Each structure stands twice: as C-alpha cells, then as structure tokens.
Amino acid sequence: MKLLLPEDKKPVHVTTMPIRWGDMDALGHINNTVYFRYFEEARVRWLTEGGRSMVEGGEGPVVVNVFCNFFSQVEYPGDLLIRQYISNVGRSSCDVWMTMERTDQPGRIVADGGCTMVWVNYAAQKSVRLPQWVLELLNQALPEQQPA
C-alpha cells in the first residue's frame with residue numbers, strides 16, 4: 001500500500017545529510033529502517049535549529065505514527081536532501097511530511113513519508129497545547145523550492 005502526501009502541505013524546512021557507510025545493509029544499499037532515522041534527524045534539526053530546545057519544562061514532541069514510501073535504492077557515498085512540510089495543525093498536533101532525494105540527482109525523489117507529531121507532557125503522558133514557539137515555527141513557511 002502506498003500512502004500519498006497531501007497536495008495542501010506547507011514547506012517548512014530543508015536539510016542535507018551525508019549517507020554513511022554504516023547505513024548500508026548486506027545488499028549494498030541503505031537499509032529500509034535507516035530512512036526513518038534520516039526523517040527523525042531532519043525533524044530534530046528543524047525543531048532545534050538556532051539553538052532551540054525541543055524539550056522544555058517536561059513537554060515535547062512524540063511521534064504517534066510514521067510511514068515511508070520507498071521509490072528507489074540509495075547507495076553510499078552521497079548526500080541526501082530532505083524537504084519537510086506540515087499540514088493539519090491542531091491544538092496539540094500536526095502532520096509532518098517529507099521527501100528525500102540525493103543531492104547529485106536533484107528532483108528525483110527516492111523516498112517520501114510522514115508522521116503525526118503530538119506535543120505531550122511527559123510526566124502526565126497527556127497531550128498539551130502546542131507551545132507558542134512551535135506555532136510560530138509552523139507558521140514560518142518556506143517558499144516552495146524547485147530542484148536545482
């Protein structure tokens with residue numbers, strides 16, 4: 001089953017990261033579980049950019065679902081470009097969508113995916129209102145970037 005990214009998503013962040021030798025499996029391509037780590041790293045970079053802490057006062061994000069569509073194999077060496085988008089911003093959550101491509105093959109999406117991120121109070125284990133700084137971050141949309 002392939003899950004589609006929505007048309008009405010807002011671009012919020014772009015990051016690049018290296019493909020590491022250790023990310024490959026015995027078949028010589030990036031192991032499928034590593035794509036989720038790349039997506040996680042991109043989300044963390046977005047939330048902590050500029051020295052922000054994504055976990056303050058015992059509250060922070062929890063991913064409550066996640067998926068990835070794999071379109072082509074990725075092999076070492078190289079760098080990945082991950083674009084992040086958001087939609088469905090609610091009281092305590094939002095949907096985060098991502099596309100992944102190699103920097104040496106611009107515009108060719110090798111994987112895409114998404115998750116629902118919920119802001120929670122860790123001690124109470126309950127959702128809480130998105131903090132103001134997160135709402136401001138969600139509202140700072142990037143212009144849609146075309147592949148180079």
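Colleague: Which polar atom lies 2.5 Å from the backbone oxygen of Leu3?

Modeller: A polar contact is a pair of N or O atoms within 3.5 Å; within protein, one must be able to donate a hydrogen and the other to accept it, and residues adjacent in sequence count only if both atoms are side-chain atoms. Here, a polar atom of the side chain of Asn69 lies 2.5 Å from the backbone oxygen of Leu3. This is a predicted model, in which local features need pLDDT of at least 70 and side-chain atom pairs count only at pLDDT 80 or more, while totals for chains, interfaces and linings use all residues. Residues are numbered from 1 along each chain as its sequence is written, and side-chain values use heavy atoms, with hydrogens and water left out.

Colleague: Is Asn69 buried or exposed?

Modeller: Buried means under 20% relative accessible area, exposed over 50%, and partly exposed in between (1.4 Å probe, protein chains only). Asn69 counts as buried because its relative accessible area is 6%. Asn69 belongs to strand E2, residues 59-70; strands (E, at least two residues) and helices (H or I, at least four) are DSSP runs, numbered from the N terminus. Contact means heavy atoms within 4.5 Å, and, not counting residues up to four places away in sequence, Asn69 touches Met1, Lys2, Leu3, Val110, Ala111 and Asp112.

Colleague: How many residues has helix H1, and what covers its buried residues?

Modeller: The expected span of a helix is 1.5 Å times one less than its number of residues. Helix H1 (residues 32-48) has 17 residues and reaches 25 Å from its first C-alpha to its last, close to the expected 24 Å. Its buried residues are Val34, Tyr35, Tyr38, Phe39, Ala42, Arg43, Trp46 and Leu47. Their cover includes strands E1 (10-18), E2, E3 (79-87), E4 (93-102) and E5 (109-121), together with helix H2 (132-139).

Colleague: Which residues line the largest pocket?

Modeller: On a 1 Å grid over the protein atoms alone, a pocket is an open set of points with protein on both sides within 12 Å along at least five of seven lines, where a cavity is a set of points where a 1.4 Å probe fits but cannot get out; lining residues have an atom within 4 Å of a point. The lining of the largest pocket consists of Met17, Pro18, Arg20, Arg37, Tyr38, Glu40, Glu41 and Arg45. H1 supplies the largest share, five residues, and E1 and H1 each give at least two.

Colleague: What surrounds Val118?

Modeller: Val118 is in strand E5 and is counted as buried because its relative accessibility is 14%. Leaving aside neighbours within four places in sequence, Val118 is in contact with Gly60, Pro61, Val62, Val64, Ser92, Ser93 and Ser127.
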